[in-house]
Amino acid sequence: MAKIVSIHSYRGGTGKSNLTANLASLAALAGKRVAVVDTDVQSPGIHMPFGLGEDRVEFALNHFIWGECPIEKAAYDVSAALGRPGGPIYLVPSSIKISDIGRILKEGYDVRLLNDGFQALIEKLNLDFLFIDTHPGVNEETLLSIAISDTLVLILRPDQQDFQGTAVTVELAKKLDVPQMLLVINKALPSMNFDELRAKVEKIYNVPVAAVLPLTTELVQLASSGLISLVHPELEASREIGKVSEKILAP
Amino acid sequence: MPIPTLSPVWNFYWAYGICASLLGVIGLYVGQKTRTRTMQLLRQVEREKTRADKFANFVIPIGLSLTAETNLNQLLEKILLEAKALSLADGGTLYLVTPEKTLRFVMIVNDSLKIAMGGTSIKEVSLPPLNLYDADTGAPNHKNIATSCALGAKSMSVDDVYTEKGFDFSGAKAFDQRMNYRTISVLCVPLKDAQQKVIGVLQLINAQDPDTSRVVAFAPQLRQMMELLGLLAAAALGSYLRIKTLTDQIVDLKIQIDEAKKERQVTEITESDYFKGLQTRAREMRAKVKGQNS
Ligand SMILES: Nc1ncnc2c1ncn2[C@@H]1O[C@H](COP(=O)(O)OP(=O)(O)OP(=O)(O)O)[C@@H](O)[C@H]1O
Ligand SMILES: [Mg+2]
């Protein structure tokens, strides 16, 4: 059985795409067959760290939604981004063409199609893991991704708005019976007391905090154009991502 | 067809031609002298170019790296040391404006005396702060170059402390006597935050000629470059202080959830038909998977 892992946050810019790309890569390096779907059709981002250029993308998730192609046609093998041997890793990007984004926003779509797509992808590519990079906030498609997940990774930054919003999402995920929920605190300032932060957050949400990632200069410099866990494995941020990965890969 | 006229560009070339030939003639006459003058000019151009390169290659990256510094002492030290290195100054002092309207010495370094106080060094600076205003009369204190620089929010330089009449350098002279040093040139640059408020002063001592290593005055171009570095440094300091207040709030770490607001939002979503349908389907799906696995 393939495991579906959704990475979500209540607000934008929390580091979902970055974490998704790294977790998927670590799973592939552990020999798993992996696919990543960018369901953030409004503001796609995960093609960047995998170096998937616009020129290579003939079909995107949008075209599957519009019935123009089967989902596996929109899956691109990006294993080369790992730079070393591992299980294959496929990416289903959302179209970054303005006209495509405009169309999907204007027309909307039946989110049940997404579920069909995920299941077909798992079957066709014989996947062990399907990672879903989501749009921030609560809407029909993010709720669907949460509902069908075996693991939900919720990212939050240590600030008041994220604390409040995450409380809502945690509550909803509990009502959807998600089997495994993990919290990841990202962009923690180095001057904070990480242990205290972790303890307080776990107590408030009653959900385990799998990692606390510090605000990391190298991540800013990388500017979404690479995989931090592979480029700088020695950094605290990379080590913390490794902890999340272990929890996800555990049978 | 319009009659072709001499365009202004052509006029310019005429003038240019005349000038060039004049220069040629003068060149023939002045000979040797011109050659040394040309060499000087070339060297000057070369220096300007190095400065421009330095600005692009050092000042901007320094500004960026300053913003990333999360330890105040390291940040202050970086500001002072980078400014000193860029200006080839022998010494430097960093002051911060205190709420009591004084200039506090936060760091002092001097290469030839091998002094480092404040910053990340273990030695604390033990010098008393400089009053920005006279304690009795409340009049602005323009006696010291550093206080004057802070009060006027303008950079200031002195070519030789011992011939300067405008400022009181008795402090520097006493220091010289005690340390067997000779303070000559001084440059003070204000550190202004985004609101143009002076939050500190960067003071550099004894600029050195890059070729001869002799102590010289601070060149006007250098002053400009330091003013720009001062801007970047002040921005970094400002952002550090902002983050610090932010951090202090979080270190206090009151995670407050507005439960009523949360309940309202959750209920609104869970009562929708879409959510209910999703809930049912998710349950069925998980039950099916469980059935398959067992
Ligand atoms: N720990 C970190 N330290 C510093 N920068 C980070 C960190 N994590 C992520 N970033 C940076 O934050 C930015 C946003 O990250 P990312 O795109 O992964 O977020 P996102 O949640 O997917 O955003 P969106 O909601 O727009 O999809 C990126 O530039 C990324 O490099
Ligand atoms: Mg994203």
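Select A:Asp40 and ligand 1 to begin: in this predicted model, a polar side-chain atom of A:Asp40 sits 3.4 Å from an oxygen atom of the ligand. Then bring in A:Thr216. Here the backbone does the work of contact: one of its polar backbone atoms is 2.8 Å from a nitrogen atom of ligand 1. On its own, ligand 1 has 630 Å² of accessible area, and the protein covers 81% of that.

Now widen the selection to the whole shell. There are 17 residues around ligand 1, and the ones that come nearest are A:Lys16, A:Ser17, A:Asn18, A:Asn186 and A:Thr216. Color them by residue class and you'll get five nonpolar, nine polar and three charged. Which elements of chain A each supply at least two residues of this shell? Show the cartoon and pick out α1 (16-29), β7 (180-188) and α8 (217-222). The largest share, three residues, comes from α1(A).

From β7(A), step out to the sheet. Eight strands of chain A make up an open sheet with mixed pairing, and you can walk across it in the order β3-β4-β2-β5-β1-β6-β7-β8. At the edges are β3 (76-77) and β8 (209-214) of chain A, each of which pairs on one side only. Zoom in on the β8 end: β7(A) and β8(A) run parallel in their pairing, over four bridges. To land on a specific spot, select A:Val184, whose bridge partner in β8(A) is A:Ala211.

Time to color by pLDDT. Chain A averages 93, and 100% of its residues score at least 70. Among the chain's elements, strand β6 (residues 151-156) has the highest mean, 98, while α8(A), one of the shell suppliers, has the lowest, 81.

Last stop: chain B. Its average pLDDT is 78, with 70% of the residues scoring at least 70. Select residues 1-28 of chain B and you'll find pLDDT below 50; beyond near neighbours in sequence, this stretch has three contacts in the model. For the model as a whole, the scores are ipTM 0.89 and pTM 0.60.

How values were computed
Residues numbered from 1 in each chain as written. Chains lettered and ligands numbered in written order. Predicted model: local features only at pLDDT ≥ 70, side-chain atom pairs only at ≥ 80, totals over all residues. Heavy atoms only, no water. Near = heavy atom within 4 Å. Polar contact = N/O pair within 3.5 Å; in protein donor to acceptor, adjacent residues only side chain to side chain. Areas by Shrake-Rupley, 256 points an atom, 1.4 Å probe, with all protein chains shown as cover. Nonpolar A, V, L, I, M, F, W, Y, C, P; charged D, E, K, R; others polar. pLDDT = per-residue confidence, 0-100. Contact = heavy atoms within 4.5 Å. Pairing = 2+ DSSP bridges.
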